[in-house]
2 protein chains.
Amino acid sequence: MDTVSRIDVSGIDAYWRAANYLSVGQIYLRDNPLLTEPLDARHIKPRLLGHWGTTPGLNFCFAHLNRVILERDQDMIYIAGPGHGGPAAVAHAWLEGTYSDYYPEVSQDAAGMRRLFRQFSYPGGVPSHVAPETPGSIHEGGELGYALAHAYGAAFDNPGLVVACIVGDGEAETGPLAGSWHANKFADPRRDGVVLPILHLNGYKIANPTVLARIPEEELLKLLEGYGYRPHVVAGAEPAAMHELMARTLDEVFDEIAAFKRGEIPRQPMIVLRSPKGWTGPAEVDGVPVEGTWRSHQVPLAGVRDDKGHRAALEAWMRSYRPEELFDADGRPVAEVRALVPEGPRRMSANPHANGGELLRPLALPDFRDYAVEVKRPAAAHSEPTRVLGGFLRDVIAANPRDFRLFGPDETASNRLSAVYETTGKAWHAEVLPTDENLTPDGRVMEVLSEHLCQGWLEGYLLTGRHGLFNCYEAFIHIVDAMFNQHAKWLETSQKIPWRRPVASLNYLLSSHVWRQDHNGFSHQDPGFLDVVMNKRPEVVRVYLPPDANTLLSVADHCLRSRDYVNVVVAGKQPVLDLFTMEEAVTHCTHGLGIVPWASNDEGVEPDVVLACAGDVPTLETLAAAAMLREFLPGLKVRVVNIVDLMRLMPDTEHPHGLRDPEFNALFTVDKPVIFNFHGYPWLIHRLTYRRHGHVNLHVRGYKERGTTTTPFDMAMLNDIDRYHLVMDVIDRVPGLGTRAAHLRQRMSDARIAARAHTREHGEDPEEIRNWNWPGR
Amino acid sequence: MDTVSRIDVSGIDAYWRAANYLSVGQIYLRDNPLLTEPLDARHIKPRLLGHWGTTPGLNFCFAHLNRVILERDQDMIYIAGPGHGGPAAVAHAWLEGTYSDYYPEVSQDAAGMRRLFRQFSYPGGVPSHVAPETPGSIHEGGELGYALAHAYGAAFDNPGLVVACIVGDGEAETGPLAGSWHANKFADPRRDGVVLPILHLNGYKIANPTVLARIPEEELLKLLEGYGYRPHVVAGAEPAAMHELMARTLDEVFDEIAAFKRGEIPRQPMIVLRSPKGWTGPAEVDGVPVEGTWRSHQVPLAGVRDDKGHRAALEAWMRSYRPEELFDADGRPVAEVRALVPEGPRRMSANPHANGGELLRPLALPDFRDYAVEVKRPAAAHSEPTRVLGGFLRDVIAANPRDFRLFGPDETASNRLSAVYETTGKAWHAEVLPTDENLTPDGRVMEVLSEHLCQGWLEGYLLTGRHGLFNCYEAFIHIVDAMFNQHAKWLETSQKIPWRRPVASLNYLLSSHVWRQDHNGFSHQDPGFLDVVMNKRPEVVRVYLPPDANTLLSVADHCLRSRDYVNVVVAGKQPVLDLFTMEEAVTHCTHGLGIVPWASNDEGVEPDVVLACAGDVPTLETLAAAAMLREFLPGLKVRVVNIVDLMRLMPDTEHPHGLRDPEFNALFTVDKPVIFNFHGYPWLIHRLTYRRHGHVNLHVRGYKERGTTTTPFDMAMLNDIDRYHLVMDVIDRVPGLGTRAAHLRQRMSDARIAARAHTREHGEDPEEIRNWNWPGR
């Protein structure tokens, strides 16, 4: 039967009008929600904040998708790329009853509607954007660019799910969104759900037309076909005709989705929706066109509180939706509107995929201790930490075939995690040649040369209740600084919302780090992601710098078990010394920091100097320095403290991991020099410790933007984190060391010059450095 | 005459072989550059670093473009998106003689060739990537994504220029690159140069195939046509056939470019070059295929130093280029090779556009004092700083019609710079509707909803010798953190290269800042770009926080005159009090910080407390707090210090703007409490001042990740930077203030509670706050 003869177009229109009415009410009203009396200035909010322009289009899609859900019993969630259309998502959740389920004070009646209107973008209320507070959402509106990436992340491993994803035409101009279309080459129609992109061309962004709305339609369709989709155009402005067209198109599209999943057609469908910006809003205000122009982007009638003409226009606008047909006298949606609301979890506002913690299963984790490297004697053998971790991750993948994925921008092998390919491949849905390796449609490793896609996929995957890890070169992770910020803020807000269930943490493994850029150079050197991360609330961020393979295993296990955090783990792929047995590693990581006894000689006494270190390369240099000091200045009492969990340095009043002052003082002393050798920018350590008692005695070495393509030890020397310089630092700061120390200092200075000269002459570090043999061993 | 009958294909091939030979030599050899003796282990570098895979393709393009330059006397520069192919750019510059011009020790003979090989990716040598050290380059290789954006930036306002831009197929997967294709909608064929994209599909990235190489060709061509280009495919592996095909295609393409510039065809051409990765390199190594696979990405023969078989393969590979035909006995390129080298500045390696400082003209700047707001009495009237700045920028644009552009992600009007539209429009080369405003093909305002494009365009524009300013919402500027990092590093390196002439600074205006997110919410709140910026070397970064309109004008003038820096200016668009007359503003900005005398009451004596402030909203709150203290605790000596130039806080040993300790101590005292109210994250101030004498007395207020969509004053209160809290801070920290202060403290606490309650009740700040009237005025 033909779509239009079968369905209730007027019911869809009623639902749409109800949603539009509720959207306008949220933007403008703080009282008189049902317009039971003429609109008066006192009913209007003093500050009018919100975005109308995109909202009617979002509501249009909600209404029509509900019809499909009801007819096909379709499991579906909704991602509003133009998340600034918050009123739409809130209106929809209220119409579906979910809003009142989660927030009983916002009841589904006139009193609740008044509250719904009043709270919107109001102090103490709810944000103007789609946000964690919004039922049914996994996608923060605001910064644009990530809607499709989130949609694909949500679809992975959810074979029955359709993720409807509204792409605003402004968002479509951003780079990350433009790159995200190609995510279809990484999704498997059988194993994964289907993303249904709805490119919503309403023609304008804030103050300008958009590119995709103004190129010839032939060019637009080629572009979308070139991205690998089958576009269907729904264009118009007349509601009745548009309802029929949208309904017919959706029937075709969902038939195509079914055929695509059965493998009968090679391309998935998508929709191009052309509708006026601010559709159904005021056509003109003060003599200039508003509907269908950029002027409807935010609040089309700005003067409603003081200008009677504006207020009358607002009232006429709201009454044009005929609220008396949509809500009963008590403000409840009438049966015709409710008829379009699916049952229980089929409601997009209540779908558990959009509150992923509800679906979260703990990972089945093999015992990380089984992957330990044997350490008979500390600092006697070498391992590549990430290679060791690769074995653990391989078995994590094998044990969790539907709940865990590994993401990376073409760097998983380079980061030496290749053991994972013993159990799985890389997801790939394009041509495969005989020389290719490890490509398979159902691979669990997601490799695409886009940090934005990796991050967006992982966020979408986690927020729908799964687990994952993003491995990335340290320097390139800044590409997703802005995305990290939003995700951390999402988590922080979610933690305070009772109905949002905890989700798995977002885990970063940063390798190929600042100290080992063998193939690259100065442009690749930047450890500053840690600074970006530490700017977020302590409730949500964790930073770990395991110095060897066994500590990395212990940290990784901890991170994979954690919830609602962002965990950043920095670990090298190059060989480093094995320092801790697995038992010691567990203890060390549990404490987060501790004295390295075999590298210290201060047993039972206060040390003369503390050598602190965080990060694998800085730790090795510190251990080498300590060894030289033990040999050449045996009377000097040296304590070596290694820090794995950077948050331990913060005051306990500021971070749950923070050391209490007495603990800190016991470790670092209150009056002895502390030479702190750090992986990142040195001022980060000062920032974490400036309230500590002994802070004035703290001298931090770290990366200070000195580098090029050079040898590893030359990099260390360029930034003064090398063993020789550390010894010089100690001698400069511990008083009364005498002539022998002065001679040693000269020797260290000479050793630096000699090492530099050797490197320039031979193109590699001196042999004793390359093999990490230091004087004194 | 047909291309192939006209041109010297074998000459092109000779040039290509010479470039390939020189590229391989750079990766492997430190001696025996002409293979005058059999290759021995001692000729091989100990560490083999570099990227071969992309290099022969880059060389192929160089050779063929040189032929076009010679035939058409074409002004052209070359952007190597796969900048990891550094050996190609260096080889080309050496063949053209530019390398020896800039680096005479690397002469164009055997001794120079030996040096050329040895220095590459060698300690004390040159980076393995295209870098500032590379003649003819404005584009750092490394992080991928920005090649096309840089190319368009270089082409703007250079009507005679062609910018050849190699887009690697790995880079094409990144979001920023995917979005950059649409830059053609913002370029004017008459006013601007033409970008010639060469999509180089060699099939692989580091360890994986690439998406664009593995989708059906029909889909690929649709995609590129959808982006608005006319693609020409050059595909093959057999050199002779490929030379003919490339030469023919380039003739067509440059004819089309001419027709496009004359307006005869609507779409610009581009090339899809399909050639094997690692073309002409070893077909197989140790029994596995290498040429044409991802295995040729870096160093195809890894064991040449120790493995005789590998070494023999390397020698055979190098000899396959027949060096004896390419270089004379002294190592000089033979005439056949030199025949393809253009004259002087037509050489792409010596084109002045690629060393933009050579072409830089100072801006014609109107006197910024002419735009001053009149300030009869400080803090008595209000202005919107960015609106005032807009008038100045309008006249900067008018006075520099070919040298200055304003960039912004659809936020120029929102940031209240709309006065610029009195003199120019927004560049736009797509459909225009009657309701549109200010769109014109030759507009000087570049608005696209992509921070990546804005940043990339501006970088390309500056590095080719022009000027500009990027205005952006503060929260969204994190999107380009990674791009900022690379540009800052580029500038820092360039400053040390004598032949690189200074270029105009990259100027950011961050508005709609963290304290005024009226339309947005928590997801938009982040002042952390300052932290990212401050991580770079002091030589290249400057941060300014002008508190009012006149100081903003003074700062903007200073930034537009500066060279080789990144200047970050944070200034609000909302009304703030006018604090400084223009004369005072100039003095204040020249000092970078200073006492605000009319807000202080410590004349002639040491203050009891210092109220420091940086940023417009924090400054207003501080001034209000000072006024209350003056009124209610008149015996308390309060000094207000405002900081415009954040770098003044750093020690003079660490930043050229840093205050010497005696100056710092004189302003801030060494023993009095300093309550510092800061625009950004508070720890940034601690980080800048931790070495200062009085640091223990410093108490910093700032943004601590507390926010939502709420009123401006509620935002201040949520983060404790509000006037009431500052007074409480003073009372808590100045000893012996007595009962009156205790009462005042209670009053302040009550005022906060009342303000919060008022805001919740009325949806806006109390009237006395909204009008910035504080008790005591």
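Reply: Happy to. Let's start with Trp683(B), which is found in helix H23 of chain B. Please keep in mind that the model is predicted.

Leaving aside residues up to four places away in sequence, Trp683(B) touches Met534(A), Asn535(A), Arg687(A) and Asp531(B). That list includes residues of chain A as well as one of chain B. Within its own chain, Trp683(B) can also be placed relative to Val700(B): the two are 17 residues apart in sequence, and their C-alpha atoms are 7.6 Å apart in space.

Sorted by class, the side of chain B that touches chain A has 46 nonpolar, 43 polar and 40 charged residues.

Now for the interface as a whole. In it, 129 residues of chain B are in contact with 129 residues of chain A. The area buried between the two chains is about 10,200 Å², and carbon and sulfur atoms give 53% of that area. Arg214(B), Leu449(B) and His519(B) supply 7% of the area that chain B buries against chain A, more than any other three residues.

Between chain B and chain A the count is 18 salt bridges. In one of them Glu705(B) pairs with Lys489(A), with the closest N and O atoms 3.3 Å apart.

How are the two copies arranged? Chain B is superposed on chain A by a rotation of 180° with 0.0 Å of shift along its axis, at an RMSD of 0.0 Å. The two copies are thus related as by a two-fold rotation axis. The same surface serves both copies, as 100% of the contact residues of chain B recur in chain A.

Finally, a step back to chain A as a whole. Chain A has 26 helices and 22 strands, and its C-alpha trace spans about 95 × 65 × 45 Å along the principal axes. For 777 residues, a compact globule would have a radius of gyration near 28 Å, and the 30 Å of chain A agrees with that.

Over all chains, the structure holds 120 salt bridges. One within chain A joins Glu256(A) and Arg230(A), whose closest N and O atoms are 3.2 Å apart. Glu256(A) lies in helix H10 (residues 239–261) of chain A and Arg230(A) in strand S4 (residues 229–235) of chain A, so this pair ties together parts that are 26 residues apart in sequence.

Technical notes
Residues are numbered from 1 along each chain as its sequence is written. Chains are lettered from A and ligands numbered from 1 in the order in which they are written. This is a predicted model: local features need pLDDT of at least 70, side-chain atom pairs count only at pLDDT 80 or more; totals for chains, interfaces and linings use all residues. Side-chain values use heavy atoms; hydrogens and water are left out. Copies are superposed by least squares on the C-alpha atoms of residues with pLDDT of at least 70 in both. Contact means heavy atoms within 4.5 Å. Buried area is the accessible area (1.4 Å probe) that two parts lose on being put together, summed over both. A salt bridge is a side-chain nitrogen of Lys or Arg within 4 Å of a carboxyl oxygen of Asp or Glu. Ala, Val, Leu, Ile, Met, Phe, Trp, Tyr, Cys and Pro count as nonpolar, Asp, Glu, Lys and Arg as charged, and the others, Gly among them, as polar. Helices (H or I, at least four residues) and strands (E, at least two) are DSSP runs, numbered from the N terminus. The radius of gyration is taken over C-alpha atoms; the globule rule is 2.2 Å times the number of residues to the power 0.38.
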